[in-house]
Amino acid sequence: MDNKQQDEQQARMSRSQYRQQQRQTEQQPINEVTENTTDQPYSREAVASQRHDETVAEKTARLKRRLNIAIIALIVAIIIVYLILFYVG
């Protein structure tokens, strides 16, 4: 029944009204597709650059931890050397 009503309505419309309706229905899916592509990267380059940024951040964090451990180890070693020199000498 709905199809018959739509057909009757389209038959009553003028050509310019029909064309406007067709343009609107064609443009809606295109707008929806372009809005979705801005949310998520789909290209290989975008995904590769995002992965690269993540790995760089992970490597930086790991290097920071290692440097902190090295600094603490050196401070402890210096304190041990001073204690040895103080008590031996």
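Predicted model: local features only at pLDDT ≥ 70, side-chain atom pairs only at ≥ 80, totals over all residues.
**Entry 1: burial.** I began by asking what share of the protein chain is buried. Buried residues come to 0% of the 89 residues. Then I looked up the accessible surface of the protein chain, which is about 9,000 Å². Carbon and sulfur atoms account for 55% of that surface.

**Entry 2: secondary structure.** How many helices and strands does the protein chain have? I found three helices and zero strands. Read from the N terminus, the order of elements is α-α-α. Helix H3 covers residues 44-88, and I stayed with helix H3 for some of my next look-ups.

Entry 3: I picked out Arg62, which sits in helix H3. Is Arg62 buried or partly exposed? Its relative accessible area is 38%. That value lies between the 20% and 50% cut-offs, so the label is "partly exposed".

**Entry 4: a nonpolar patch.** Next I looked for nonpolar side chains on the surface. Ile71, Ile75, Ile79, Leu83, Phe86 and Tyr87 form a patch there. Together they have about 690 Å² of accessible area. One of them, Leu83, belongs to helix H3. Leu83 has 44% relative accessibility and therefore counts as partly exposed.

Entry 5: Phe86 is at 62% relative accessibility, so I wrote it down as exposed. Tyr87 is exposed as well, with a relative accessible area of 67%. I then checked for aromatic pairs, and the count is one. Why is the pair of Phe86 and Tyr87 called edge-to-face? The ring centres of Phe86 and Tyr87 are 5.3 Å apart, and their planes stand at 75°. An angle over 60 degrees counts as edge-to-face, so that is the name I gave the pair of Phe86 and Tyr87.

Key: Residues numbered from 1 in each chain as written. Heavy atoms only, no water. Helix = DSSP H or I, 4+ residues; strand = E, 2+ residues; numbered from the N terminus. Buried < 20%, exposed > 50% of the residue type's maximum accessible area, 1.4 Å probe, protein only. Areas by Shrake-Rupley, 256 points an atom, 1.4 Å probe, with all protein chains shown as cover. Phe/Tyr/Trp six-rings, centres within 6.5 Å; stacked < 30°, edge-to-face > 60°. Patch = residues over 30% accessible without salt bridge, like charges linked within 9 Å, V, L, I, M, F, W, Y side chains within 5 Å. Salt bridge = Lys/Arg side-chain N within 4 Å of Asp/Glu carboxyl O.
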